[in-house]
Amino acid sequence: MNPLLDRGFRQTQRPMMKQNLFAFLTAGAVFFWAGCGEMGQIEPPESAEDVRIVYIAKNVGNPYFEAIHAGFEQAARELGFEFTTTAPATPDATSQIPYIREQLQRGVHVITITPNSTDALNRQFQQARDRGAVVLSVNSDITGSEAYRDGAVLPMDFDITGESQIELLGSLIDYEGRFAILSATTDAPDQNYWIQGMRRALEDPKYADMELVTIVYGDDEPEKSLREAEGLLTRFPDLRGIIAPTTVGLDAAARAVENAGRAPQVQVTGLGLPSQMRRYVQNGTVEAFALWSPYRVGYVSGYKAVAMALGELEAAEGAAFSTEEFGEFELRGNATTIAGPPLVFTLENIGDYAF
Ligand code: RAM
């Protein structure tokens, strides 16, 4: 290499390196300052119009959470609060941590969140509450860590979700045969709670001839869920059913069974969006599945969040708040509200639901 050119290169490089070092140190100082600022108290809101609410979904790209957003947005139009939403790319246990931090720095009054873990977010929740923010678990709860959030809004009584899924599949396969579960992530709080309920239900003699062969995890990713469902069909030639208690998983399981021509021998059921499942019900791949209105979950959460941020709703059993569209809601134990009601969809009513 030409030594002169080499020297020239170095000469222009050196001052740039100094600049970069300066920029790096400045950025570090700004981050440090922002980190300290995070611990300051937020100004309490005086009216619903002052309240800033964020909803952090499990991940982006899942139409289920878009229906929840729509509910929040309607409540925001009615009450006047500021609503924003954000979510990580994937629903891993810790993926929401930086999003919570960012929202705290923005100074939100309420963090509403569908948590990806029952305990991985406890520290961030505590930080938020120390600042004076309200933490509301939406669509799912942090079972065992309830002390780290102020309340929860659930779509139905989770103590009966698992059993009702087993009953639904049982009714489709005459309570006899081998079946598998296609879940979301291994940490998903709602899925794990329901699966526990399914296992408990299976101890009932009514379900003695139904055998759970395996549980697989599609991580609420359409492609991975499809591969897992296809794997089940290959591994278990005598399979009679798949329960997918996730809208992403149910859609994928129905697609796998349709592609393999295994309906009605393999009955696919679980929790799904009528909009995604309509064609499978209409073409006979799926006979029945369940859900609730995710819009209603978001809407009720918006009302509850505002009432809590304004100090108008005590986090105590029996306390109540009211909504314009669905009337009054009472708090159960652990400051939990059930948005409800659960619904079962079949060929008869699938055309009545747009979400
Ligand atoms: C999925 C998500 C969510 C679950 C619904 C039924 O989209 O996994 O957590 O509640 O399905």
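This is a predicted model: local features need pLDDT of at least 70, side-chain atom pairs count only at pLDDT 80 or more; totals for chains, interfaces and linings use all residues.

Guide: With a relative accessible area of 25%, F326 is partly exposed. A search of the whole structure finds 15 aromatic pairs, and one of them joins F326 to Y299. The arrangement is edge-to-face, with 5.4 Å from centre to centre and 85° between the planes. Y299 belongs to helix 10 (residues 294–309), while F326 sits in the loop between strand 11 (320–323) and strand 12 (327–330), so the contact ties together parts that are 27 residues apart in sequence. Y299 has a relative accessible area of 0%, which makes Y299 buried; the cut-off for that class is under 20%.

F326 has a further contact, with a charged group. The charged end of R296 sits over the ring of F326, at 4.2 Å from the ring centre.

For comparison, consider the pair of F345 and Y353. This pair is edge-to-face, with centres 5.0 Å apart and planes at 85°. F345 is buried, at 0% relative accessible area, whereas Y353 counts as partly exposed, at 24% relative accessibility.

Elsewhere, ring pairs link several residues into a cluster, made up of F158, Y193, W194 and W292.

Note on methods: Residues are numbered from 1 along each chain as its sequence is written. Side-chain values use heavy atoms; hydrogens and water are left out. Rings of Phe, Tyr and Trp (its six-membered ring) pair if their centres lie within 6.5 Å; planes under 30 degrees apart count as stacked, over 60 as edge-to-face and the rest as tilted. Helices (H or I, at least four residues) and strands (E, at least two) are DSSP runs, numbered from the N terminus. Buried means under 20% relative accessible area, exposed over 50%, partly exposed in between (1.4 Å probe, protein chains only). A charge sits over a ring if NZ of Lys or CZ of Arg is within 6 Å of the ring centre and within 35 degrees of the ring normal.
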